[in-house]
Amino acid sequence: MPSFDIVSEAELPEADNAIQSVTREIAVRYDFKGSNSTVEHADGVVSIAADDEMKLRQVKELIRGHMSKRGIEPGMLDEQKIEPAAGQSVRQKILIKQGIDKELAKKIVKAIKAEKLKVQAAIQGEELRITGKKRDDLQAVIAFVKGMGLEQPLQYKNFRD
């Protein structure tokens, strides 16, 4: 039976490359001269430290731009709350989402079942497996899920006939 997987994955080496280019841009930009703004990436967590909230917003905008150029959509970035650091400086962590969380997976499965498409949807860890008798049914599911307008970007992989 034909099947495919719905996943949400970001390539962490590409995220690392984007952070390196953000760091280079911060080093040469005039509005960051003399500031202590830093960006680090480790294990899917981006840590930002900046002099004030205005510089923090500028760094986040740079990160979003460079990540989208590298194929990591803004919906995959989960911004945590801003924490005060020493003096006027602030820091923030941005998590790069990997996998589909349980609530979103249940929402997708429920929507597919409500649409009465002739497929089976199963939650397998952090991904969804969609199985059906016809390839056309699976393509209809892909079109339906794309049309749902979810915040988190999804990829459709392992299409097997």
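**Entry 1: a loop residue**

I started with Asp43, which sits in the loop between β2 (38-42) and β3. Helices (H or I, at least four residues) and strands (E, at least two) are DSSP runs, numbered from the N terminus. I noted that this is a predicted model, where local features need pLDDT of at least 70, side-chain atom pairs count only at pLDDT 80 or more, and totals for chains, interfaces and linings use all residues. Residues are numbered from 1 along each chain as its sequence is written, and side-chain values use heavy atoms, with hydrogens and water left out.

Is Asp43 buried or exposed? Asp43 is exposed, because its relative accessibility is 75%. The cut-offs I used: buried is under 20% relative accessible area, exposed is over 50%, and partly exposed is in between (1.4 Å probe, protein chains only). Asp43 also has a positive phi, near 55 degrees, and it is a residue other than glycine.

I then looked up Lys116, in the loop between α3 and β7. Lys116 is not a glycine, yet its phi is positive at about 60 degrees. With a relative accessible area of 72%, Lys116 is exposed.

**Entry 2: the cores**

Next I looked inside. A nonpolar core is a set of buried Ala, Val, Leu, Ile, Met, Phe, Trp, Tyr and Cys residues joined through side-chain atoms within 4.5 Å. In soluble globular proteins, nonpolar side chains tend to be buried together.

Which residues have the most contacts inside the largest nonpolar core? They are Val39, Val46, Ile63 and Met67, in a core of 22 residues. Two or more residues of this core come from each of α1 (12-28), β3 (45-50), α2 (53-69) and β6 (90-96). Apart from it I found another core, of 18 residues, including Phe4, Ile108, Val119 and Ile130.

I followed Ile63, which is in helix α2. Ile63 counts as buried because its relative accessible area is 1%. Beyond its neighbours within four places in sequence, Ile63 is in contact (heavy atoms within 4.5 Å) with Ile19, Val22, Val39, Val46 and Ile48.

Lys55 is in helix α2 too. At 12% relative accessibility, Lys55 is buried. Not counting residues up to four places away in sequence, Lys55 touches Asp31, Phe32, Ser35, Ser37 and Ala50.

**Entry 3: Val119**

I found Val119, from the core of 18 residues, in strand β7 (residues 119-124). Val119 is buried, at 11% relative accessibility. Setting aside neighbours within four places in sequence, I listed its contacts as Ile112, Ile130, Thr131, Gly132, Asp137, Leu138 and Val141.

**Entry 4: two helices**

Two packed helices are described by the angle between their axes and the distance between the axes. How do α3 (residues 102-114) and α4 (residues 135-147) cross, and at what angle? Their axes come within 11 Å and cross at roughly 120 degrees. That makes α3 oblique to α4. For the axes, lines are fitted to C-alpha atoms, for helices over the stretch in contact, and angles run from 0 to 180 degrees between N-to-C directions. Under 35 degrees counts as roughly parallel, over 145 as roughly antiparallel, 65 to 115 as roughly perpendicular and the rest as oblique.

I wrote down who makes the contact: Ile108, Ala111 and Ile112 of α3, with Val141, Phe144 and Val145 of α4. By class, this contact has six nonpolar, no polar and no charged residues. Ala, Val, Leu, Ile, Met, Phe, Trp, Tyr, Cys and Pro count as nonpolar, Asp, Glu, Lys and Arg as charged, and the others, Gly among them, as polar.
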